[in-house]
Amino acid sequence: MKRENMTRFAILGLISKQPMSGFDIKKAVDQGIGYFWNESYGQLYPILKTLAAEGLVEMAIEQTSGKPDRHVYSITSTGLQELRSWLMRPVEAQRVRNTLLLRLFFGDNVPTTVSIQQIEGVCNFSRGLLAQFEQLEPIFKQRPAFEYITLMFGMTYHKTIVEWGEQAIQLLQQQPSTKSNKKQRSGRKS
């Protein structure tokens, strides 16, 4: 079964809030949904073109003095209907693909300190995002509840990562050290 391109719905959702240029959409991604959904300019413009061809958005040119003209996109009634139809569908459960967990599962093949450093790196990243989210929280509390609950999810998720990481490090520090290479263990002659 062909996977549906979710970028189109992210763009339709952003444009449903207000008309935007491609630059405005990228900025809205970076400052809003970018914490849980990422889009590049390379993805945005081809999809905007497709959405316009499908009649889901329309483009107007705004003349600006001394700068290139702005192409501003607005959602059409058909586009809004498409977005609402997608929003009404059940959410498919997603399997987690987590590189850190995959590495940790096989961590007995490297010194324990390597795994601890990897966990610390992820925890530091989550702490950094938590600090950003805490600064954003007063702003998001003023926004619609639908936007604020996404921030709440991010805060809860990254707090959980930090708590798990601290517990995992503590557990690994209590373990006897592992051999740095399984081949050394299994390659010995009897």
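These legends walk through several close-up views of a predicted model.

**Figure 1. A salt bridge between Arg8 and Glu82.** Start with the side chains of Arg8 and Glu82, where the closest N and O atoms are 3.6 Å apart. Arg8 sits in helix α1 and Glu82 in helix α4 (residues 77–88), so this pair ties together parts that are 74 residues apart in sequence. Arg8 is buried because its relative accessible area is 14%, under the 20% limit. Glu82, at 29%, counts as partly exposed. Look for Glu54 as well: Arg8, Glu54 and Glu82 are linked in a network of salt bridges. By the rule used here, the count of salt bridges comes to eight.

**Figure 2. Asp30 and Lys26 pair up within helix α2.** The closest N and O atoms of this salt bridge are 3.1 Å apart. Asp30 and Lys26 are four residues apart in the helix (residues 22–31), so about one helical turn separates them. Asp30 is partly exposed, with 42% relative accessibility, whereas Lys26 is buried at 13%.

**Figure 3. Glu166 meets Arg127.** Here is another salt bridge, with 3.2 Å between the closest N and O atoms. Glu166 belongs to helix α7 and Arg127 to helix α6, and the pair links distant parts of the chain, 39 residues apart. Both ends are partly exposed: Glu166 has a relative accessible area of 44%, and Arg127 has 35%.

**Figure 4. Inside the second largest pocket.** This pocket holds about 350 Å³ of space. Its lining has 13 residues, and the closest to the centre are Tyr35, Phe36, Thr150, Phe153 and Gly154. Helices α6 (112–141) and α7 (145–174) each supply at least two lining residues, and α7 gives the most, with six. Sorted by type, the lining has eight nonpolar residues, five polar and no charged.

**Figure 5. A nonpolar patch on the surface.** Phe23, Tyr41 and Tyr45 form this patch, and together they have about 310 Å² of accessible area. Tyr41 is found in helix α3 (residues 41–53). With a relative accessible area of 36%, Tyr41 is partly exposed.

**Figure 6. Lys17 and Pro144.** Finally, find Lys17 in helix α1 (residues 7–17). Lys17 counts as exposed because its relative accessibility is 55%, over the 50% limit. Pro144 is 127 residues away along the chain, and the C-alpha atoms of Lys17 and Pro144 are separated by 12 Å.

Note on methods
Residues are numbered from 1 along each chain as its sequence is written. This is a predicted model: local features need pLDDT of at least 70, side-chain atom pairs count only at pLDDT 80 or more; totals for chains, interfaces and linings use all residues. Side-chain values use heavy atoms; hydrogens and water are left out. Patches are made of residues with over 30% relative accessible area and no salt bridge: like charges are joined within 9 Å, nonpolar side chains (Val, Leu, Ile, Met, Phe, Trp, Tyr) within 5 Å. Accessible areas come from the Shrake-Rupley method with a 1.4 Å probe; for residues, only the protein chains shown count as cover. A salt bridge is a side-chain nitrogen of Lys or Arg within 4 Å of a carboxyl oxygen of Asp or Glu. Buried means under 20% relative accessible area, exposed over 50%, partly exposed in between (1.4 Å probe, protein chains only). On a 1 Å grid over the protein atoms alone, a cavity is a set of points where a 1.4 Å probe fits but cannot get out, and a pocket is an open set with protein on both sides within 12 Å along at least five of seven lines; lining residues have an atom within 4 Å of a point. Grid points are joined across faces, edges and corners, and a volume is the space filled by probe spheres set on the points. Ala, Val, Leu, Ile, Met, Phe, Trp, Tyr, Cys and Pro count as nonpolar, Asp, Glu, Lys and Arg as charged, and the others, Gly among them, as polar.
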